[in-house]
Amino acid sequence: MRDLLDRLRTIETRQRELREEHATVIRTIVARAGGVSQAAALLGLDPKTVRARERAAGVAMIVYRGPHTARTTPDGRLHGETGQDEDSPAQRDADRMWFAVARDRRPLLRAVVYVVDGRVTRIREVGDGPWQENPEGRVALPLGAPLTPADLAERLPTMPLAVGDPRPMVRGRIREYIAL
């Protein structure tokens, strides 16, 4: 049984690598063609399909937070911006708990970008650890420490955002996903 599990992990790793290469090539085609619509015409695909294939290698979830976010849940857990250091246990828990992430998107989630008052405040990588799921189906993400610029360049070189970048919030949107 152990040999089958090892073989399965090897296959899954190769699949992920191929998805990432495929998405990189699609993104390059989109860039060289001048946009998604032009790339879709070249590839004979619907623009939505092209966009989905761009994201196949991985996505980052952008979480928008504003000054009016409640800081304590009814059960006493801090959430949003806690006012504590970004490495504090309270801020880490506030950053990782509880998100509605579709099951099919979970394997693609590589990072979470936190935007506070229209600026990227920190970026955390999603690790390989276990995903906790609560009875409502929301998840606690296995997040690492905030990435430094060097970490970001090494681990997520296709991340289109960096700490300090402006990212205006769209009214009513609390999060979105972007392709890596």
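Against which helices do the buried residues of H1 pack? The model is predicted, with local features requiring pLDDT of at least 70, side-chain atom pairs counting only at pLDDT 80 or more, and totals for chains, interfaces and linings using all residues. Residues are numbered from 1 along each chain as its sequence is written, and side-chain values use heavy atoms, with hydrogens and water left out.

View 1. Helix H1 spans residues 2-33 (helices are DSSP runs of H or I with at least four residues, strands runs of E with at least two, numbered from the N terminus). Its 32 residues reach 46 Å from the first C-alpha to the last, close to the 46 Å expected at 1.5 Å a residue (1.5 Å times one less than the number of residues). Ala23, Ile26, Arg27 and Val30 are the buried residues of H1 (under 20% relative accessible area, 1.4 Å probe, protein chains only). These buried residues pack against helix H2 (36-43) and helix H3 (47-54) (contact means heavy atoms within 4.5 Å).

**View 2. The contact of H1 with H2.** The axes of H1 and H2 cross at roughly 110° and come within 7 Å (lines fitted to C-alpha atoms over the stretch in contact, with angles from 0 to 180 degrees between N-to-C directions). The two helices, H1 and H2, are therefore roughly perpendicular to each other (65 to 115 degrees). From H1, Ile26, Ile29, Val30 and Ala33 meet Val36, Gln38, Ala39, Leu42 and Leu43 of H2.

**View 3. Helix H4 and the strands.** Buried residues in helix H4 (residues 89-96) are Gln91, Ala94, Asp95 and Arg96. The buried residues of H4 pack against strands including S1 (59-65), S2 (109-116) and S3 (119-126).

Note on methods:
Buried means under 20% relative accessible area, exposed over 50%, partly exposed in between (1.4 Å probe, protein chains only). Angles under 35 degrees count as roughly parallel, over 145 as roughly antiparallel, 65 to 115 as roughly perpendicular and the rest as oblique.
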